[in-house]
Amino acid sequence: MDSMLKTLRSIVQHVAVHGDFADAVRALVTEVKQAVETDVCSIYLRSESRNGYVLAATDGLNTDQIGEVSLALDQGLVGLVGRRAEPINLEAAKRHPDYHFLPESGEEAFNAFLGVPIIHQRRVLGVLVVQQTASRRFDESEEAFLVTLAAQLASLVAHADAVGESAILPQRDGEDAQRRIREQNDTCFMGVAGSPGIAIGRAVVMHPVADLDAVPERETENVTQELLLLDRALESVRRDIRKINEEFESSLPKEELALFEAYLHMLDENALAGDIRARVQRGQWAQGALKQVIREHLDRFELMEDEYLRERGADVKDLGLRVLAYLQDIRDKKTVFPKDVVLVGDEVTPAMLANVTPERLRGIVSVKGSGNSHVAILARAMDIPAVMGALDLPAYDLEGETLLVDGHYGEVFRRPAEARLQQSRELIEQERIFDEELDELKELPCITRDGWRVQLWVNIGLSGDITRSLDRGAEGIGLFRTEIPFMSKDRFPTEAEQMSLYREHMTAFEPRPVTMRTLDIGGDKSLSYFPITEENPFLGWRGIRVTLDHPEIFLVQVRAMIKANAGLSGDLRIMLPMVSSAAELAAAKVLINQAYSEVLEEGADVKPPQVGVMIEVPAAVYQARLLAKEADFLAVGSNDLTQYMLAVDRNNPRVAELYQDVHPAVITALREVARAAHTEETGVGICGELAGTPAGAVLLMAMGYHVLSMNATHLPKVKWVIRNIKRSDARRMLAKVLRMDSAGEVNAFMHQQLSDAGLARVLPHHHD
Ligand code: PEP
Ligand code: MG
């Protein structure tokens, strides 16, 4: 049984990479049949178009009936397993009232039946069945085994299902299903809304560190170009090896150095290089050809008796990876991008963003990650539509294809239909015109129709943010994510380096207030030169916890902040992330006072900074009054507060639906924090993403948040909404929202309210 699970895992992986679903299920039924020692194993898959379960694979029944025979949803034992969504294990199936005889499948002889549902995200996608002639009862361990298999099989089926029914069900007319999928247009892949807006462009696929298994097989249309890429990659690897050889020449014994010779021989035209070239000439792309050749060699090495020779397989693999890295590097570091890039990757990282010429970047699609991953936050800051967590997207097959990215709804369309493209172009144009109109609000204050004033500030961290923010009328900086400049270095930046960067911002924003957050690393934000490895990073050494443990880092940063503000009229506000007790605030204040005194002693003309606390942890909500009394201001980090209140990882697409920024518990907590601050007469703001949404901004304004800090991109729309609404109306909405039971209800209600108030233009439009 153990080995069976291993086999399954390898099939699942194999298919996830190659998309060869039919092969995988064929192998699977045979393996299961053997493992359970039975006469038949079959997979039935749910077909929407045939409104039932279709036989998709079998070992034991009539294989001619694959794709032909089907059972209605309420028919037979298979239908019953589907309806009940639980296993059914029978000794004598024929005697069961739901038994339905399918003569054409050749199943008349079978008695014992065990069917388990294949369920993905609460949906029954199919049924895995084993049957046997003899009357026997499949035992509990066999049942448990099948349940385990079906659970693993489910994500595989879901993945194939996402590319269309033809991918999972063999076609009745016998057409090659795989070919049909490839030709299928206008397929929608669901993800999570990452950054709003609609984009149309060509997919440019980014790869993580080289992984031969992840390379898809693909035909090339341009053999000459692939050969050129191959030559460049091979030459680069040869050059690297010669260089290593030279470096080690004096220190390594001759026998060891011979290894490098051997490497060069292996790369020779008579060996690997020639084999790879021949395959490219036959039409395979270079990466696929490389993978095939390396695989074949590895297989041969594995069969060798001699241990030494078997070990040489590792060298071949190493060489293969070196060549692959160059092939992908050459592709990924393309200097010539199409003029409308949609960046696609299994996990798009901020570093990948940096590779693309910003003027050409239209959209981002990432298989992993979620709406609050930092890449999504950066995308919003850059005003680039993004879809995150598109788990079923075959990212590595999309190079060069046209994609439509709907960042409002988290949808990606592969090869969108012309009508959809046309509709989207119109929506993009409408958004552009609206943005132009909003430009006129730039100099106007953010004030409701009944005279309530709210400050709209910006969240900042990327270079280029200053102009973008001032252009959109930002009245201050509400959150400077100082860790971002720390990330682009290979050591901690010095006090002088930090000071010059901070001063640049403070000068540009003078006389507006600037809120500098102290280093917030840990969680999903790591510094390559200060690695933190933990089981539960979000519950671990994060934010203020790290910096209080390292006063030398904290003091340097705070001194840089205070000095950067010297002689300027704007207020410096220092903000502490991840505070979970008043003791942390007290300890940080001692250090900040120390830094301030030191800077004063050095003779600088500086004012004492204000010190504020971020409310990001539920404990801080319950201690908000105490913190408000001790701090100069409170600022809610609703991104983290939501994740900690709802126990939902902000980066995990599987639970993205549970990450609800207007969950009644979150709304109540936000209101409590505002009240606590009001009671203590302390300023209160919010700098999580919620502040930048029209509905969120209205509710927060109603709660009495003085400062809403958001991406510069969202600022004009939020200003427009607030200028077009009365606070008294907003407070009525809030009163109703506070009585609601679910985030869905809150969203629907706010959507309706904004539409009724004539503000539908800020709400995203959906494709027909
Ligand atoms: C937050 O958690 O809401 C916040 C503003 O901080 P960050 O997104 O950088 O964690
Ligand atoms: Mg945070």
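Because the model is predicted, local features require pLDDT of at least 70 and side-chain atom pairs count only at pLDDT 80 or more, while totals for chains, interfaces and linings use all residues. Residues are numbered from 1 along each chain as its sequence is written, and side-chain values use heavy atoms, with hydrogens and water left out.

**Overall make-up**

The protein chain contains 28 helices and 22 strands; these are DSSP runs numbered from the N terminus, with helices (H or I) of at least four residues and strands (E) of at least two. Of its 768 residues, 52% are buried, where buried means under 20% relative accessible area, exposed means over 50%, and partly exposed lies in between (1.4 Å probe, protein chains only). The chain exposes about 33,800 Å², of which carbon and sulfur atoms supply 49%; the areas come from the Shrake-Rupley method with a 1.4 Å probe. Among contacts (heavy atoms within 4.5 Å) with a separation of 6 or more, 66% join residues 24 or more positions apart.

**The pair α25 and α26**

Two packed helices are described by the angle between their axes and the distance between the axes. For helix α25 (residues 694-703) and helix α26 (residues 715-723), the angle is about 50° and the axes are 9 Å apart. This angle makes α25 oblique to α26; angles under 35 degrees count as roughly parallel, over 145 as roughly antiparallel, 65 to 115 as roughly perpendicular and the rest as oblique. The contact involves P694, A697, V698 and M701 from α25, together with V718, V721 and I722 from α26. By class, the contact residues comprise seven nonpolar, no polar and no charged; Ala, Val, Leu, Ile, Met, Phe, Trp, Tyr, Cys and Pro count as nonpolar, Asp, Glu, Lys and Arg as charged, and the others, Gly among them, as polar.

**Local backbone features**

The following table lists torsion values by site.

| Site | Torsion value |
|---|---|
| E510 to P511 | omega near 5° |
| M578 | phi near 65° |
| A647 | phi about 55° |

The peptide bond from E510 to P511 is cis, and P511 lies in the loop between α17 (495-509) and β17 (514-517). M578, a residue other than glycine with positive phi, is placed in the loop between β18 (572-576) and α20 (582-601). With 1% relative accessibility, M578 counts as buried. A647, which also is not a glycine, belongs to the loop between α23 (638-646) and α24 (664-679). Its relative accessibility is 71%, so A647 counts as exposed.

Terms used
Chains are lettered from A and ligands numbered from 1 in the order in which they are written. Axes are lines fitted to C-alpha atoms, for helices over the stretch in contact, and angles run from 0 to 180 degrees between N-to-C directions.
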